[in-house]
Structures are given as structure tokens and as C-alpha cells.
Amino acid sequence: TTNQFLKFTGSTTLASAADNAGITNASQWRLTSGLTGATDPVSANLEKVDTDGYASLGSDMTVSSGIWTFPSTGIWIIKAHANVYLNGDARHTHFAIHTTTDNSSYSLAASGYAFLQQTQSNTAQSGMDTDFIFDVTNVTTHKCKFAFENLTNSNATLDAGTAVSYTWFTFIRLR
């Protein structure tokens, strides 16, 4: 019948085409103005990307006080990238994704680290990537946030821009 097909899984079973619809949501956000020092959650200076032919798919994420809400249930990949800079050295900068399944207690889900070392008179720069696949079964309780820590030098800064994405967050609903 409509929207059904046969899928071989060791035995012949009937599955709905909607169960295998593919990517239905995708959006990207960025930091618009730099943030210096430890920030948990990253809650200021955020915008949806809006330059260079950007396009999103489906409903967008929403963010309030650094807490991100998913527009629908499903399996989501959360991707984050942070460019960081410092006039000096930092042996431990940390960019992380935290998730909750009860809208209260957040756990560290994924993190990236960078080592910044200034050479001569140049500003030290580095980038950090972190990804997490999150099963959002309830949009009211399943949320995420991002955090930035500098354990050895509190002057490290997350790079930002309004026309170019230097620090960004990508959300893709896989199914």
C-alpha cells in the first residue's frame, strides 16, 4: 500500500517508508561575537547562519539561555566546532557538548581539547571539533548545551563573526 515497502532483515517484514525517510531537519548556528573565558553554557551572541547561500531543512532548533531544544523527536547528530585564540599559551582549552534526558541533569556527552602555544609575536590559534549522536525521544526533556573551559589561561577567546562561521553548531536529524 502507499508508503510501505518490503525490507529484507533476515526475514521479510513490512516497514513504513516514513521510518526510512532520511534527513528531514538540518540547521547551522554560529557565534557572532567572541567570548573570553570559561562559558557554560554558551548562551550569548548566537545566530542562525544567514550568509553565502545558506539553507536549512525542516524546522529549526531553538535556543534559550544556552539551552537548545529540538523541533522533533528522532536520531540527531550534534556537531560543534570552536576556533579559539590567545595572546599567550594555554595547555588545556576544552569545548564540549552536554546533554540531558530529564531537562535537569546535564552530562558530558562529547568534548574536544586544544593546546595553544604562542610562537614569537603571533597570536596562538587552534580549533576543536566534537560530535554526538543523540536519541531525542521527548523534545521537552531531551536537550543539549555547549560549554567552553580554559583551565590554564582564562584569556582564551572563542572566535566569532557575523559573515563567516568561526565557531559553529550544526544539528541534523538523521531519522
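**Backbone geometry and strand pairing**

Modeller: In this predicted model, D52 is found in the loop between β5 and β6 (62-64).

Colleague: What is the phi of D52, and is D52 buried or exposed?

Modeller: Most residues other than glycine have a negative phi. D52 is not a glycine, yet its phi is positive, near 60°. A residue counts as exposed over 50% relative accessible area. D52 has a relative accessibility of 75%, and therefore counts as exposed.

Colleague: Where is S65 found, and what is its relative accessible area?

Modeller: S65, although not a glycine, has a positive phi of about 55°. S65 is found in the loop between β6 and β7 (67-69). S65 is exposed, because its relative accessible area is 59%.

Colleague: How many bridges join strand β8 to β14?

Modeller: Strand β8 comprises residues 74-86 and runs antiparallel to β14. The bridges that join β8 to β14 number six.

Colleague: Which residue in β14 does N25 stand opposite?

Modeller: Strand β3 (residues 25-31) pairs with strand β14 (residues 168-173) in the antiparallel sense. Six bridges make up this pairing. In β14, the residue opposite N25 is R173.

Definitions and conventions
Residues numbered from 1 in each chain as written. Predicted model: local features only at pLDDT ≥ 70, side-chain atom pairs only at ≥ 80, totals over all residues. Heavy atoms only, no water. Helix = DSSP H or I, 4+ residues; strand = E, 2+ residues; numbered from the N terminus. Buried < 20%, exposed > 50% of the residue type's maximum accessible area, 1.4 Å probe, protein only. Pairing = 2+ DSSP bridges.
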